[in-house]
Amino acid sequence: MEARLAMSWYCGSLLAVVVVLFLSASLGTGAGAGADLKGSCAATPHPDVCVSALQKDSDVKAAATPRDLAEAAIRAASAAGSAAGDYARREMDAVKDNGMWQCLNECAEDIEEALSHLDDSDGEIDDGEMKDVKLFLDTAEQDVWDCDQSCRGAADTPVKTTLLAKNKDFEKLMSVALALIKRSTGGADSAAASKPKPKTKP
């Protein structure tokens with residue numbers, strides 16, 4: 001009788017341990033599901049910029065999918081572009097130098113053109129048209145490079161320095177978004193292969 005009770009207690013305890021181990025493994029697997037923010041950002045051209053921007057997005061959760069991260073990166077790039085474009089437009093009302101005014105005007109136009117492509121890509125992601133999204137972002141990056149070229153002849157001033165810094169932030173976030181989209185779709189094509197050559201303005 002005592003031997004039977006001991007065996008019953010041992011089997012019950014063993015079963016409890018097995019259940020606990022099974023649940024622990026299941027929870028661990030669940031916690032790792034979805035996209036790893038830092039791991040995904042490490043695969044982009046600017047990991048620190050990626051992590052910093054995406055952590056500020058309230059829609060990015062621990063269990064976010066690669067697609068969620070790509071969408072968040074596009075939102076971050078749009079916000080950075082809007083900040084750069086708004087700055088250029090504001091400063092146009094204050095500058096007196098013609099060369100600086102032209103720099104601001106052309107840069108604002110380039111950024112606004114880039115933002116129009118980002119707006120297109122934001123809509124296309126919901127439709128699953130990832131190839132079109134990549135094309136939109138490639139075109140948007142081209143417009144940002146045009147902004148740098150537009151200001152090459154302008155005098156070096158604090159306004160120009162600030163504008164180009166904001167523009168650089170925009171460019172980095174677009175590169176991040178493009179890399180995350182390719183990661184989310186499993187695309188093997190490289191960013192260098194798909195990146196268009198900068199246009200040269202007269």
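Predicted model: local features only at pLDDT ≥ 70, side-chain atom pairs only at ≥ 80, totals over all residues.
If you want to find the spot in the viewer, look for Val49, Ser52, Ala53 and Lys56, then Ala76, Ala79, Ala80 and Ala83, and finally Lys166, Asp169, Lys172 and Leu173. By class, that lining splits into 7 nonpolar, 1 polar and 4 charged residues.

Two of those helices, α3 and α7, are worth a look as a pair. Packed helices are described by the angle between their axes and the distance between the axes. Here the axes of α3 and α7 come within 10 Å and cross at roughly 85 degrees. Angles of 65 to 115 degrees count as roughly perpendicular, so that is how α3 and α7 sit relative to each other.

What does α3 bring to its meeting with α7? On the α3 side you'll see Val49, Cys50, Ala53 and Leu54, and they meet Lys172, Leu173, Val176 and Leu180 of α7. That contact has 7 nonpolar residues, 1 charged residue and no polar ones. Some names come back from the pocket: Val49, Ala53, Lys172 and Leu173 are also among the residues that line it.

The link of Cys41 and Cys50 is left-handed, with -65 degrees about the S-S bond. Across the whole structure, a search finds 3 disulfides.

Terms used:
Residues numbered from 1 in each chain as written. Heavy atoms only, no water. 1 Å grid on protein atoms, 1.4 Å probe; cavity = no way out; pocket = protein on both sides within 12 Å on 5 of 7 lines; lining within 4 Å. Nonpolar A, V, L, I, M, F, W, Y, C, P; charged D, E, K, R; others polar. Axes fitted to C-alpha atoms, helices over the stretch in contact; angles between N-to-C directions. Helix = DSSP H or I, 4+ residues; strand = E, 2+ residues; numbered from the N terminus. Parallel < 35°, antiparallel > 145°, perpendicular 65-115°, else oblique. Contact = heavy atoms within 4.5 Å. Disulfide = S-S within 2.5 Å.
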